[in-house]
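This briefing is intended for a reader who is meeting the structure for the first time. Selected features are grouped by topic below.

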Amino acid sequence: MDGIESEQVVAADAQASGGGGAGSRTPLLELRKMSKQFGPVQALSEIDLKVYPGEVTAVVGDNGAGKSVTLKTISGIHPPDGGEILWQGKPVHIRTPKDASALGIETVYQDLALCGNLDVVQNMFLGRERTRNHLLDENSMESAAAATLSSLSVTTLRSVRQSVASLSGGQRQAVAVAKAVMWNSKLVIMDEPTAALGVAQTAMVLELTRRLASRGLGVIFVSHNFNDVFEVADQIAVLYLGRLVASLPAKGLDRQVVVDYVTSGASSRNGSQLAHADGA
Amino acid sequence: MAEDTAVEKDQPLADLEPMLPADGGRPDSASFASGGVIAFGDYARSYVAKVRSGDSGLLPVVIGLIVIAAAFQISNSHFLTALNLVNLLEQGSIFMLLALGVIFVLVIGEIDLSVGYVAGLGGIIAGKMLTGAHPWPTWMAIIVPIIACGAIGFLQGSLITRIGLPSFIVTLAGFLGWNGVMLIILGNGGTIPINNNVFDDFANANLSVTVGWVLIAALVVLYAAMLWQKDGRRRKSGLVAPPVGLTILKIVVVALAGIALALICNTNRSQIAIASIQGIPWVVFVVLAMLLLCTFILTRTRLGRYMYAIGGNTEAARRAGVNTALIRTLSFTLCSAMGGVAGIIYAGQLRGVSTNVDGGQLVLYAIAAAVIGGTSLFGGRGKAVHAVIGGLVVASIANGMGLLELSAASEYVVTGLVLLAAVTVDALTHRRASAT
């Protein structure tokens, strides 16, 4: 609970007026003063972020604000240069994607990170193939993949043995999400999951996102699209030029406040306006 | 991403279904989750869809092979004689073995130009071990060159993956460098004769007629049993499974191929009355064994799965926790080790190694064989069996042109054109696959 800075004051205000919020539960994931540099570029400086189980935490920000870097740091692709990562209250080091998935952190990348030449089953188990006598156990993997897709109500695939290259964009997104949740994961990170989708597919993905949170998973939802964010998020964190400038509960939040934070890193609108928005 | 959007515009209804299961869902029979045996007609349709998406299967190249064989047979009636066909198999075995190696690097989307001279070097190592005052045991002269060639591949692969050099340049350097090393060892115009019978037999000797039949029968029965068990288990467990008819069809085709091979090779192909030459050449079984080994690695192990993943999307493989540098290095290692196997057979066929080894032609024929067989130069797509079928095509062209007494020059031109045609087909199917 140390490392509180000005933005948390805003968060506290918002909690007081909006009700609900994080309370004193242990966050699933907590970033403390996390920093990342690429050569001379300070991509992230002292990010503090808390993600709670059963909630969708949206991370918003303009291009280059550090959204993707934040995700990649959590998922082990770009290990942080400084700061601390706490997982269920305990400090951890996430240096590779394997470390992240060992903790139960799964990422659905913006580009989906699927291999078009492999089929749906092979993609869902990539890097974690089931084996029997050191050989690939295709039948067991196929059954498990089909079961997971069914549990997410994804039923438009002709076959789980068709190559991902032959799927539509919405189907690919569904496969990527199914891939992320089939590992008893505790935190699912979704990077711009709706960016390439039409209206119907977006609605499907947003519903899928809520379904994950209602299963008790923590979800980090990164998006440009405020409509999507306000539809799914419980908590909204705003990044501006590599710094976390606000962390607010989404319920009753004035959209314009978020716009202010995203575009200028600060908002002149005060708590009374928040309260007003809440009441409206 | 842009292409994804385009696709969705075409199929908005299909994607609407999962979010409206209650009021909009189709009957569940179309659902994949129920799995089950696919009807023959559906299977044919999905095969056509696969061909259109770039995974052409073996049918086109087999048809091409038949056309080539027919054309040469019309031009010269000796082409389809037992003697010539067995010659063709023996000549083609080198291309097939090299192509099996090349497929490991093509699948990850890289190239290896050095493997022809690495093979030559493997032959020289074997030759050096078998000659001199204290020759090594034959099995050592087989194992050591394969390991040494594998080490060369590991070295080249490490330069490519750890330093990030382009594989084209590193293996081009290997192409020149290992040729130079060969010439230094052999001396100017030098040769190393190999007079070890067991060693030479791998490339030249024939099995007895009976043993040949028994081995072919055993292989066919083994294939049938494994396929029957695998497909049967899938049908029983309700997974996506081919129809019984297709399983039987596959077994029948393989059995017929085996019988044809045995019949051709067991015909007496001696051109003089007093001596008889018959039986399946050992080298056919060397190629079959390597084909099984490579198929096993590519389809049944994590290593093979990761090679395909890297060829399809390296970044996705890396994010899935695959050690891409290690897997890519192993691809180059396996390629060069297969080059070592080819080099041993090559040295055995010639009963020695000389400075005449044309590693450049060997490697280009090997790459041509792999691509003609159906392996993609763009990575991610390829099977070990492509090397064997493609090797047959390349060997048929080389052999047929020889029978027609055309010059080596025109043989190069024709092989070049065939390679170009195969690469064009590959590029067009790749473009279509990535456009969907």
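A:E192 counts as buried because 21 C-beta neighbours lie inside 10 Å, the cut-off for burial being 20 or more. The residue belongs to the loop that lies between strand 9 and helix 7 of chain A. Although A:E192 is not a glycine, its phi is positive, at about 45 degrees. The model is a predicted one, and the points below begin with the chain that holds this residue.

**Chain A as a whole**

- Chain A contains ten helices and twelve strands.
- Of the 280 residues in chain A, 55% are buried.
- Among the contacts in chain A with a separation of 6 or more, 68% are between residues 24 or more positions apart.

**The six-stranded sheet of chain A**

- Six strands of chain A form an open sheet in the order 6-9-10-3-11-12, and their pairing is mixed.
- Strand 6 (105-108) and strand 12 (243-249) of chain A each have a single partner strand, so these two stand at the edges and one side of each has no neighbour in the sheet.
- From one strand to the next, the twist averages 20 degrees.
- Strand 6 of chain A runs parallel to strand 9 (residues 187-191) of chain A, and four bridges join the two.
- Within this pairing, A:E106 has A:V188 in strand 9 of chain A as its bridge partner.
- Helix 2 (residues 67-74) of chain A packs on the sheet, where it touches strand 3 (56-61), strand 6, strand 9, strand 10 (218-222) and strand 11 (235-240) of chain A. The direction of helix 2 makes about 150 degrees with that of strand 9 of chain A.
- Helix 7 (residues 199-214) of chain A also packs on the sheet, touching strand 3, strand 9 and strand 10 of chain A. The direction of helix 7 makes about 150 degrees with that of strand 10 of chain A.

**Strand 1 of chain A and its partners**

- Strand 1 (residues 29-38) of chain A is joined by seven bridges to strand 2 (residues 41-51) of chain A, and the two run antiparallel.
- A:L29 has A:V51 in strand 2 of chain A as its bridge partner.
- These two strands of chain A form a hairpin with two residues between them, and A:G39 in the turn has a positive phi of about 55 degrees.
- Strand 1 of chain A also pairs with strand 4 (residues 82-87) of chain A, in the antiparallel sense and over five bridges.
- The bridge partner of A:R32 in strand 4 of chain A is A:E84.

**Helix 7 and helix 16 of chain B**

- Helix 7 (residues 115-130) of chain B packs against helix 16 (residues 324-350) of chain B at an angle of about 55 degrees, and their axes are 7 Å apart. Because of that angle, helix 7 of chain B is oblique to helix 16 of chain B.
- The two helices of chain B make a right-handed crossing.
- Residues of helix 7 of chain B in this contact include B:V115, B:G123 and B:G127, while those of helix 16 of chain B include B:C335, B:G339 and B:A347. The residues of the contact comprise ten nonpolar, eight polar and no charged.
- B:R351 is found in the loop between helix 16 and strand 2 (352-354) of chain B. B:R351 has a positive phi of about 50 degrees, although it is not a glycine.
- B:R351 counts as partly exposed because 17 other C-beta atoms lie within 10 Å.

**Buried parts of chain B**

- Helix 14 (residues 302-312) of chain B is mostly covered, with nine of its eleven residues buried. Among them are B:R305, B:Y306, B:M307 and B:Y308.
- The buried residues of helix 14 of chain B pack against elements of both chains, including helix 4 (120-124) and strand 8 (135-136) of chain A, and helix 6 (82-107) and helix 13 (282-300) of chain B.
- B:F199 lies in helix 10 (residues 197-204) of chain B, and it counts as buried because it has 23 C-beta neighbours inside 10 Å.
- Leaving aside neighbours within four places in sequence, B:F199 is in contact with B:L130, B:T138, B:A141, B:I194 and B:G348.
- B:F199 and B:V102 are 97 residues apart along the chain, and their C-alpha atoms are separated by 24 Å.

Note on methods
Residues are numbered from 1 along each chain as its sequence is written. Chains are lettered from A and ligands numbered from 1 in the order in which they are written. This is a predicted model: local features need pLDDT of at least 70, side-chain atom pairs count only at pLDDT 80 or more; totals for chains, interfaces and linings use all residues. Axes are lines fitted to C-alpha atoms, for helices over the stretch in contact, and angles run from 0 to 180 degrees between N-to-C directions. Angles under 35 degrees count as roughly parallel, over 145 as roughly antiparallel, 65 to 115 as roughly perpendicular and the rest as oblique. A crossing is left-handed if the near helix is turned anticlockwise from the far one by less than a right angle, and right-handed if clockwise. Two residues are in contact if their C-beta atoms, placed from the backbone, lie within 7 Å. Ala, Val, Leu, Ile, Met, Phe, Trp, Tyr, Cys and Pro count as nonpolar, Asp, Glu, Lys and Arg as charged, and the others, Gly among them, as polar. A residue is buried if 20 or more other C-beta atoms lie within 10 Å of its own, exposed if 12 or fewer, and partly exposed in between; C-beta atoms are placed from the backbone. Two strands pair if DSSP finds at least two bridges between them.
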